[in-house]
Amino acid sequence: MKAQELLKKWKETTLAKVIARFPERKTEFKTGGNLPIPNVALPAEVDENYTSTLGMPGEYPYTRGIQPTMYRGRFWTMRQYAGFSTAKESNERYRYLLSQGTKGLSVAFDLPTQIGYDSDDKMSIGEVGKVGVAIDTLADMEVLFDQIPLDKISTSMTINAPAAVLLCMYVAVAEKQGVKAEQVNGTIQNDILKEYIARGTYIYPPKESLRIITDIFEWCGQHTPSFNTISISGYHIREAGSTAVEEVALTLANACTYVDKALEAGLDIDVFAKRLAFFFNASNDLFEEVAKFRAARRMWAKIMKEKYKAKDPKSWMLRFHTQTAGNTLTAQQIDNNIVRVTIQALSSVLGGTQSLHTNSRDEALSLPTTESVQIALRTQQIIAHESGVANTIDPLAGSFFVEQLTDDIELKANKIMQDIEDAGGVVAAINDGFVQRIIEDSAYEYQMEIERKDRVIVGVNKFVVKENKKPETMKLDPAVEKNQNAALKHIKQTRNNDRVSETLNELRTAAKGTANLMPFILAAVKEYASIGEISNVLRDEFGEFVSKSI
Amino acid sequence: MSNRAQKLLADIKNKNARAIGKAISIVENETELCDDLLIGLSESEMPQYLVLGITGNPGAGKSTLTDKIIAHYRKQNQRIGIIAIDPTSPISGGAILGDRIRMMQHATDSDVVIRSMATRGRLGGLCSCAGATVRIMAASGCNPIIIETVGVGQSEIDIVSLADISLLVSAPGLGDDIQAMKAGLLEVADLLVINKADLPGATALFRDLQMLAREKEREITKTIASTGEGVDKLIKQIELLEKDYNESSYILKKREASKKKEIIDWSLEMVRAKLEKNIEHFALTNSDPRLQAKDFIKQHLKDMQ
Amino acid sequence: MVKYRVLIGKPGLDGHDRGAKFIARLLRDEGFEVIYTGIRHSAEEIASVAVSEDVAAIGLSSLSGAHLKFFPDVVSELKSRDASDIRVLGGGVIPDEDIPILIESGVETIFTPGAPAADIVASFRKACEAHQKENEGNY
């Protein structure tokens, strides 16, 4: 077939439908030198092989992108992950970020919150407000989103084991703002499998955790239809040291596990699959990263259509958020990190990401300063508005090299997924430490390459300079823990403690049975039961997971 | 016995964690105090203790099962010792001792004495220092004492022979398990455990094992270590067996055999050190090394003290 | 030959164990016996394990900013167990100005991101040698 025919057909069908509702950013796209820019460039002849492996943007198998307009319609969502100290201080940072042009919030919680401990728990000492904001009860959440209209912005929350609790708090805050549950928009990370594998903020054993996750899928399907119920994350797997291929393989293997569980629970694939989102890492190897994003999209489309027989094309689409690779940031010559982040951000845009967080230059030293956060955001804005890479779709398609890499990543990732299946599936492979070992081996190899100087890290093992001037770093108020505990104490004294006990008891009964836990958690949250109290009920009933990997 | 050794022994008996830890290192490294210390650990003054061996392939869930067994004995207020053995890397001589991870919930319980030990590629297997470690733990009031190993290779079989009662743990889906058992571990194991008994394949494994077990008159117990199911039953079986072995004096025979094995192990260690030193001065000839070895031994074995 | 025994642990709630696992493997490959205790442990637990395993040195890793609490806590837990001879080394995302505070509290060495593996191994070896000289395997 002539390319012009395919293009004409695509424009009249797939593209026309979308443009009617969402027009492109400009009526005409041109290069800096006034050359015309096509929606999507094609080879002169398109054969069967082209349509089955690449296809058109917005069409199966989505290798070239999930929307027919991509960034010609609108840019990716610039979503900066932030949160520290108390809800009040984080709220100030969010409002600053919104005023600077970010379109979505991304909340970082502190470790006690992520592991379901109250700030005054013995386990929390020293950790309150350190790597994110401390949330104990609904009261903190009300402060966190003060003056932020939850019907207008979308919020991504990096929360996993207690995701149900934080989602319920979010819905409760929205209701207090007069926003209905069905209007709220955003994502909870809710990806427990990668916590066992790579990130460590698990609480309960896999079986019970997967039950909570399917409960969330089900409840959200009915109550918050536009909320992404999970963000299946390769990001942390990569940060823990995996290769790009392993990142894709392990992420998609996890994703299949969630799908299997949801199907077992009797959910309709074409209802919940649309709400599955993904989260990938963007590292330094530009072409490999671009190929990785394209390969992942194609693989997922095939899995959903062919293996799971999903009918709705929306179920076939791999939508993903990207964050630049934290592990590539150096503590030496920190301004070099701005350049690394630029390359990484570019790879995700060339790879068709739906949203992006760019890391700040000083994150190998501490939480970022406001100034560093601004540079990180500006990096995205320059790529979007000045570089021109967003003006045509999937610009690297057809490059012999990039297509070869894309095929290669698909092939090798499929092999690893098969190995995991042979080992009894993801959960068995986690319990045996098989998955963890894959990552540890790659991490060790990578680090040894650096030690041998086979891999150059500028400013670390080559081009080293003596740095006298130390960069300014972000300092946290040391009184955070004390203040947070005082606030929690006040809430515990002033709430209706009889109602708290009642709702917690009802949650316990539900946990012993098979009922969906979400309504019970929501009821407890609304009575200002704390995250620790709710999580402890479930700890009692479900037990706690202990990792044995090394 | 030196004053220092006496003080160390007294501290061990007083359950001082620091003393127990140091004493085990002294035996492991055969440092100066070693012989003095061992004089003080004579069997006659030792409280009663039972040595349990737990072995099985990686992935069978040994550590989790051990963890549950520890919890059981702690509920009955018994002080318990655990020796967790991991292989030494033959290339670097180093080792990662990771069994601790599964037992961290007992980290601050002073009545759970855990020691991780690397095989260190000893000539005489591991019985030498593991045996002494058992007695150090026993002297501090531990009963029972568990020795946990990865069930692959000769040194693990040796370790199992140190135990009064040994458990061979297997689980469905590990493939070559049965073959390994046939290869020798079954000979020395007293109880067979099928862990992860809720997994598919458990029934098939039970059937396979049953044929072997009947031949050797062994019991098979099913457990699910992750939930603790079957652990009580397993403990009962251990107690029954212990009673049985005691009444029939079989336990004495076992201990005699293991003592002899320990002596051989220590001897080999000592001989090897001597031989390695003396070979430096041995005048090589043109004859075959085997023949030269006979001469070498003739020359040097006499003065080996 | 005496083998050096060390403990690698992660105090606090931080689950990022890439660095800790790398150091554990690295030291294994350099001939050390490494007790790895995994993530999420209190200073009390780490010190208690170090004593019963009779290690010469402890390596602590923290990336969550809680090092000023946990590293000195491990040192004082060792002290309360009459085990101040066990060396404590630390690493992670640790701002320069915190290093003197940690050294003052009794931590022997601090490694920051980018520290070469050879330096880390050398520091552990030095700590173990010093520990051995002090103890000579005796009581």
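**Values against definitions**

Tutor: In chain B, 76% of the contacts with a separation of 6 or more join residues 24 or more positions apart. A contact here means two C-beta atoms, placed from the backbone, within 7 Å. This is a predicted model: local features need pLDDT of at least 70, side-chain atom pairs count only at pLDDT 80 or more, and totals for chains, interfaces and linings use all residues. Residues are numbered from 1 along each chain as its sequence is written, and chains are lettered from A and ligands numbered from 1 in the order in which they are written.

Student: How do you know that the radius of gyration of chain B agrees with a compact globule?
Tutor: The radius is taken over C-alpha atoms, and the globule rule is 2.2 Å times the number of residues to the power 0.38. For 305 residues a compact globule would have a radius near 19 Å; chain B has 21 Å, so the two agree. Along the principal axes, the C-alpha atoms of chain B fill a box of roughly 65 × 50 × 40 Å.

Student: What makes a residue of chain B count as buried, and what percentage does?
Tutor: Buried means 20 or more other C-beta atoms within 10 Å of its own; exposed means 12 or fewer, and partly exposed lies in between, with C-beta atoms placed from the backbone. In chain B, 43% of the 305 residues count as buried.

Student: How many helices and strands does chain B have?
Tutor: Chain B has 11 helices and 8 strands. Both are DSSP runs, numbered from the N terminus: helices are H or I with at least four residues, strands E with at least two.

Student: Why do strand 5 and strand 6 of chain A count as edges?
Tutor: Chain A has an open sheet of 9 strands in the order 5-4-3-2-1-9-8-7-6, with parallel pairing. Strand 5 (227-228) and strand 6 (230-233) each have a single partner strand, so one side of each is left without a neighbour in the sheet.

Student: How do you know that strand 7 and strand 8 of chain A pair?
Tutor: Pairing takes at least two DSSP bridges between two strands. Strand 7 (residues 276-282) and strand 8 (residues 320-324) of chain A have 5 bridges and run parallel. F279(A) stands opposite H321(A) in strand 8.

Student: What pairs with strand 2 of chain C inside its own chain?
Tutor: Strand 1 (residues 5-9) of chain C does, in the parallel sense, over 4 bridges. L7(C) stands opposite I35(C). The chain crosses from strand 1 through helix 1 to strand 2 of chain C, and this β-α-β crossover is right-handed. Right-handed means that, with the strands pointing away from the viewer, the path from the first strand over the helix to the second runs clockwise.

Student: Which strand of chain B pairs with strand 2 of chain C?
Tutor: Strand 3 (residues 95-97) of chain B, in the parallel sense, over 3 bridges. A95(B) has E33(C) as its bridge partner, and I96(B) stands opposite V34(C).

Student: Which way do the residues of strand 2 of chain C point?
Tutor: E33(C) and I35(C) point one way, V34(C) and Y36(C) the other, and all are buried. In a regular strand the side chains alternate between the two faces of the sheet.
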